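The following questions and answers concern the structure shown below.

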Amino acid sequence: MGQHALIVGASSGIGAALALELALEGYDVGLIARRTDRLAEVAERVRARGGVAAYRAADVNDAAQLKAAIAALEEVLGPVEVIIANAGIGENTDAANLDLAHVRRVLRTNLEGVVLAIGAVLPAMTQRGHGHIGAVTSIAGMRPIPMIAAYGASKAGASAFLEALRADLRGSGVTVTDLCPGYVKTDMLKPQESGAYPPFTMDAGDTARRMVRALLAGRDSLVFPWPLAWMSRFAAMLPDALIGPLLRRLAPKPPPALPG
Amino acid sequence: MPGHVIITGASVGIGAALARSLARAGYSVGLVARRQELLEALTADLTRGGAKAAWAVADVSDEGSMRAAFTALEEALGPCEVMIANAGILSFQRPETFDAEVAVNILRVNVEGAINAAGVALPGMVARGRGQLVVISSSAALRALPGWHAYAASKSAVSSFFRSLAFDLADKGVSVLVVQPGFVATDMTANNRFPMPGTMQASDLAEGIVARVQSGRGGVMTTPWFMGLALGLSRLIPGFLFDRAARWFLRLGETR
């Protein structure tokens, strides 16, 4: 029997692809998301390839529900050896008519969700002294840009959380990897009106393969694809006063697609 | 004439220092915090000094509570021209005893609380085509240190959110100032046993912020400057070295 790899936000997109990829690596995969029917489908696909999968429905916004689901999966598949906090939603922020309910939705799913999922397995994993922790963040968190204040903040926060955790756990046997993609072709990424996807859009399967490799190798972070990664690193060093006018000139209207 | 400034987390620390500095500069100050007796005392103090001041009790992490306080203060002191989202909490955790509830509470107060304050003030500012949002973030937004998980996450998120907002509000007449202080001598840092280089007095920091608010300029204000430089340059150091050094540094105090 393989070790337990838990994916939170596993019903579609990158999460479903991560499940297949981890199963290929020999892990028994625990799947958590809100939609039971979608989870059952993903589990079926894992089993069809000879893998082991179990699932529980839970909302990452609900701490008690999430904790119970993780505990239930641990009973079936054993203690979590690998966790990927992937659950996330993408919504644009209209700053001039700021909707606080929208901000809460995005922050609680993308940031609190990561903290709750990782927090649920962290003490036991630390005490065992081995394991891999990962969360799917986004290049959108690397430098603030217009129109996605809440999404960018949630991803920047998640990356910072991982950074602090990594600083604590380095050398302990538990690794912490920031999985930070650019645009990935999933339900979250709507094509532009022309039907085209943003530049450097990646396929979910490819994305998941590279993420799993980085995670199991215990790398600090995987920021990819490299052209977007370097553009973001460079843009992060430039002051906002310079970036503002530049972005206004480049910004696509309607609002931008969300990376990650 | 300086207008009405609302400060959240105004009962102690940087918030109280800001209230005093702003009152001295002629602003009317609306004070928001959880503890009524502290707000009453500060308001009385400011009023005795000749300033216009009012208070309202609220938990910033609760949108309804923040909105009610905001409405009451606007009734008392007029339209809010400057909103200073200052309320914040801090605690450190170890991974082996990590409590997600503690972490979530930090996020709710520091991130949602700051955004709630901005959110209730924005409609009026946008309608008037004039206003200033100020958020007290932290230098911790620049680099997450061991044990600071939720605090670093909260401050990164808050800086990111408001810097993004600044772009969107530029043509609405609303400026956004993100303050990222280093260590400040307040109740919040009183229990830190590690060395705190460059520690500022809250009153000095407040004077600096008020001068910036008076200028009307938004942007990012990291102070002291060398904290921003050091944390920025820390990214050039390999992680395995930096993390170990940071851990050693933060544990210095524990043996005392």
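Q: Which residue follows α4(A), and what is its phi?
A: In this predicted model, α4(A) gives way to Gly129(A). The phi of Gly129(A) is positive, near 85 degrees.

Q: What distance does helix α4 of chain A reach from its first C-alpha to its last?
A: Helix α4 of chain A covers residues 100–128, which is 29 residues. At 1.5 Å a residue, the expected span is 42 Å. The helix comes close to that value, reaching 40 Å.

Q: Where does α4(A) bend?
A: The bend in α4(A) is about 45 degrees. A proline, Pro123(A), follows the site of the bend within four residues. The bend lies at Leu122(A).

Q: Which element of chain B gives the most to the side that touches chain A?
A: The contact involves 47 residues of chain B and 47 residues of chain A. On the chain B side, α4 (100–128), α5 (149–169), β9 (219–223) and α8 (239–251) each supply at least two residues. With 16 residues, the element that gives the most is α5(B).

Q: How many residues on the side of chain B that touches chain A are nonpolar?
A: That side also holds 11 polar and 9 charged residues. The nonpolar residues number 27.

Q: Why does the radius of gyration of chain B agree with that of a compact globule?
A: Chain B has 256 residues, and a compact globule with 256 residues would have a radius of gyration near 18 Å. The two agree because the radius of gyration of chain B is 18 Å.

Conventions
Residues are numbered from 1 along each chain as its sequence is written. Chains are lettered from A and ligands numbered from 1 in the order in which they are written. This is a predicted model: local features need pLDDT of at least 70, side-chain atom pairs count only at pLDDT 80 or more; totals for chains, interfaces and linings use all residues. Two residues are in contact if their C-beta atoms, placed from the backbone, lie within 7 Å. Ala, Val, Leu, Ile, Met, Phe, Trp, Tyr, Cys and Pro count as nonpolar, Asp, Glu, Lys and Arg as charged, and the others, Gly among them, as polar. The radius of gyration is taken over C-alpha atoms; the globule rule is 2.2 Å times the number of residues to the power 0.38. The expected span of a helix is 1.5 Å times one less than its number of residues. The bend at a residue is the angle between axes fitted to the seven residues ending there and the seven starting there.
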